[in-house]
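This report describes a few local features of one protein model. Please look over the sequence and the structure before reading on.

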Amino acid sequence: MAPEQLPSYAGIRPVALAVIWNGPRILVEDKWDRPDPFYRPPGGGVEFGERAIEGVRREMREEFGTEVKNVRRLGTLENIFDYHGELGHEIVMVFEARFVDSSFYAAERIVGMESGGSRLETVWIDVSQPLDRPLYPNGLLELLSDRSG
């Protein structure tokens with residue numbers, strides 16, 4: 001299908017992210033190696049025909065080789081952004097989840113693998129304290145504050 005024939009929603013990417021709490025801290029991808037470093041909870045794109053909640057479970061299996069439990073929807077955010085001159089648009093479904101394997105909570109850094117084979121590093125950050133870089137998607141910190149407030 002030619003780009004001019006694509007439906008208007010074709011450039012919008014559905015994303016499902018997992019917020020995993022460890023006290024006041026959440027697990028985030030540590031995107032320190034980017035020109036503009038940032039944090040983002042783990043997760044990824046929802047595949048065609050897949051429910052977002054199943055996308056979160058699949059992403060945790062693929063990225064960390066583990067299962068999650070108690071998965072529940074926290075909210076939905078719309079993320080329109082410019083990443084180095086390229087416009088992006090995501091509908092982000094945010095879920096809370098817990099690791100089935102409790103040993104993950106003892107690790108300061110959890111290393112996983114992106115679907116393309118690149119290394120994925122995650123860390124725990126305390127969202128009750130000022131952060132040293134942005135937490136994406138925009139609006140997530142407010143959504144988390146609503147949960148704890």
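The model is a predicted one. Its largest pocket holds about 730 Å³ of space. The lining of this pocket is made up of 30 residues. Those nearest the pocket centre are R34, F38, R40, F81 and E90. Several elements give two or more residues each to the lining: strand 1 (12-22), strand 2 (25-31), strand 3 (38-40), strand 4 (43-45), helix 1 (52-64), strand 5 and strand 6 (86-99). Strand 6 contributes the most, with five residues. The table sorts the lining residues of the largest pocket by class.

| Class in the lining of the largest pocket | Count |
|---|---|
| nonpolar | eight residues |
| polar | eight residues |

Strand 5, one of the elements named for the pocket lining, spans residues 68-83 and includes N70. The phi angle of N70 is positive, at about 50°, although N70 is not a glycine. Is N70 buried or exposed? N70 has a relative accessible area of 56%, and it counts as exposed because this value is over the 50% cut-off.

The other backbone feature is a peptide bond. Y136 and P137 are joined by a cis peptide bond, and its omega angle is about 5°. Where does P137 lie? P137 is in the loop that runs between strand 8 (119-126) and helix 2 (140-148).

Key
Residues numbered from 1 in each chain as written. Predicted model: local features only at pLDDT ≥ 70, side-chain atom pairs only at ≥ 80, totals over all residues. Heavy atoms only, no water. Helix = DSSP H or I, 4+ residues; strand = E, 2+ residues; numbered from the N terminus. Buried < 20%, exposed > 50% of the residue type's maximum accessible area, 1.4 Å probe, protein only. 1 Å grid on protein atoms, 1.4 Å probe; cavity = no way out; pocket = protein on both sides within 12 Å on 5 of 7 lines; lining within 4 Å. Points joined across faces, edges and corners; volume = space filled by probe spheres on them. Nonpolar A, V, L, I, M, F, W, Y, C, P; charged D, E, K, R; others polar.
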